[in-house]
Amino acid sequence: MPTYFHSTRGNADMLTSKQAIRQGLAHDGGLFVTDDLGNRHVDVESLQGGDYQGIARQILGTLLPDFNDTELWECIDAAYGSQWDDPSITPLRQLGDDYVLELFHGPTCAFKDVALQMLPRLMARTGYGVPDDANASREDGMRTASAARERIMILTATSGDTGKAALEGFADAPDTGITVFYPEGKVSEVQRRQMTTQRGGNVHVCAVRGNFDDAQSAVKRIFGDERIAADLASGSHVRLSSANSINVGRLVPQVVYYFCAYLQLMERNAITAGDEVEFVVPTGNFGDILAGYYAKRLGLPVARLTVASDRNNVLYDFLTTGTYDRERPFFQTTSPSMDILVSSNLERMLYYMSDGDSDLVDSLMGDLKHRGSFTVPSALLSRIQELFGCGWADEDEVSRAIHDCWEHDHYLMDPHTACGYHVMRMQEQAHERTQEHGSAKTRVLLSTASPYKFPRVVGRSIGLNCPDGDFECMDALAQATSTEAPDQLRGLSDLPERFTDVIDIAEMPQYVIRAANTLS
Ligand SMILES: *Cc1c(COP(=O)(O)O)cnc(C)c1O
């Protein structure tokens, strides 16, 4: 039976996974979901002894069934090859009584590489031999004939890590361009240089005056602007698409490492098949943790998924009260990739946890848009709370977590991961108050970035006297901890900066149109 993707908000278009990946966002503003999730299972034991690529083949084949075996293997071999500096792609390390799953061994040293090395490869295989959208059959032959020459402009707003990971994934991809906007002054020096030094003839990088949410909202408006879409389609045969974590093609590859973590735990005899495991996930846009939910729906024994937030604790408030309220101060913290007020992928979780109630999702999202907040029915909140835990860390707590983890376990972690580490320690304290020792489930903390992406925060937290520049800081950190800075970060200081534009939010549509015109 084919799997169809449709909007979380009730739009009736039914798309294949290829079409959903190509389109990115549904026409009514909803996210693509399939009602097939939960009907298909992946047998964990059958994956035993396999490598990351083999697990990926199983998961991707299950969740994206209209890609054939050859296509999937081509994508997997190209996405998870020598650009990773660890052969297991996402290695698991022991950390006291817990485990940490390192997701930062890819080319940009953040977890987004896992998905963004894959998405461009999937995208490149969505354009041929299929109608380019669900309405194609209603249109004339000209449209279908020109669909083969259609080019795609990837448009992304980034709070730091997505932009670079997307640039690296899409650089020089055929028939594709990429435009990345980042909030000026709100990403680290390393993050900024990662983007401004990007190689590739099809890449555009621009700073905007505003915060990440301003930039992301503007990008969403551009996607929703039918006049821009029509101009680009007729003028330069360009279609806009998204690499943000709302794209199905980004979400699905992230499901793989939950299985990979579980299998590594089995290999170490930390668990036996069927044992339930908890995951603690540093969270921003809710993509990473949602992939854990998908893994559970595929049959992975997941007892609990804990959302770890930074001081922008909108998800903590939602998960404890049932009210999601974006009307609150925005804090710029030491974990910029989690500085988010509107957590887009939450919409998919609401869809699934309400058993596919798209009317409810549509009305909640309407409330969020028009009133700045929504409240879920209390029965739904209880269901959500049974599976999703939550916690958050302020910046002092983040700093202390980095320090304590280094002191106790000699493990260096970045500020995003440290939010999760702090939440784990808080869970333990709560647990000790209510239960006896030894009954806790195996816990895995997802580590989302290399500590060397944020050398200043990490260095200061462990008590170093940090030199002025981020790169000198990396050297000091390496020396003090006898660890090594990844080449792809340390080497950035020698590369020329190619992109220096800074624009206002209002200028973004024009910038996109100009960038799109360079594609044809
Ligand atoms: C993107 C990112 C996160 C948040 O992940 P979401 O999928 O947006 O919840 C956490 N940490 C780092 C380092 C990131 O880059």
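A charge is said to sit over a ring if NZ of Lys or CZ of Arg is within 6 Å of the ring centre and within 35 degrees of the ring normal. The legends below concern a predicted model.

**View 1. Arg311 over the ring of Phe331.** The charged end of Arg311 is placed 3.6 Å from the centre of the Phe331 ring and sits over that ring.

**View 2. Arg425 over the ring of Tyr421.** Here the charged end of Arg425 sits over the ring of Tyr421, with 4.6 Å to the ring centre.

**View 3. The aromatic pair of Tyr258 and Phe279.** Across the whole structure, a search finds 13 aromatic pairs. In the pair shown, the ring centres of Tyr258 and Phe279 are 4.8 Å apart and the planes meet at 75°, so the arrangement is edge-to-face. Tyr258 belongs to helix H11 (residues 248–267) and Phe279 to strand E9 (residues 277–282); the pair therefore ties together parts that are 21 residues apart in sequence. Both Tyr258 and Phe279 are buried.

**View 4. The aromatic pair of Phe318 and Phe374.** This pair is edge-to-face, with 5.8 Å from centre to centre and 65° between the planes. Because Phe318 lies in helix H13 (residues 314–321) and Phe374 in strand E12 (residues 373–375), the pair ties together parts that are 56 residues apart in sequence. Phe318 has a relative accessible area of 0% and is therefore buried. Phe374, at 3% relative accessibility, also counts as buried.

**View 5. An aromatic cluster.** Phe286, Tyr293, Tyr294, Tyr351, Tyr352 and Phe388 together make up one aromatic cluster.

Terms used. Residues are numbered from 1 along each chain as its sequence is written. This is a predicted model: local features need pLDDT of at least 70, side-chain atom pairs count only at pLDDT 80 or more; totals for chains, interfaces and linings use all residues. Side-chain values use heavy atoms; hydrogens and water are left out. Rings of Phe, Tyr and Trp (its six-membered ring) pair if their centres lie within 6.5 Å; planes under 30 degrees apart count as stacked, over 60 as edge-to-face and the rest as tilted. Helices (H or I, at least four residues) and strands (E, at least two) are DSSP runs, numbered from the N terminus. Buried means under 20% relative accessible area, exposed over 50%, partly exposed in between (1.4 Å probe, protein chains only).
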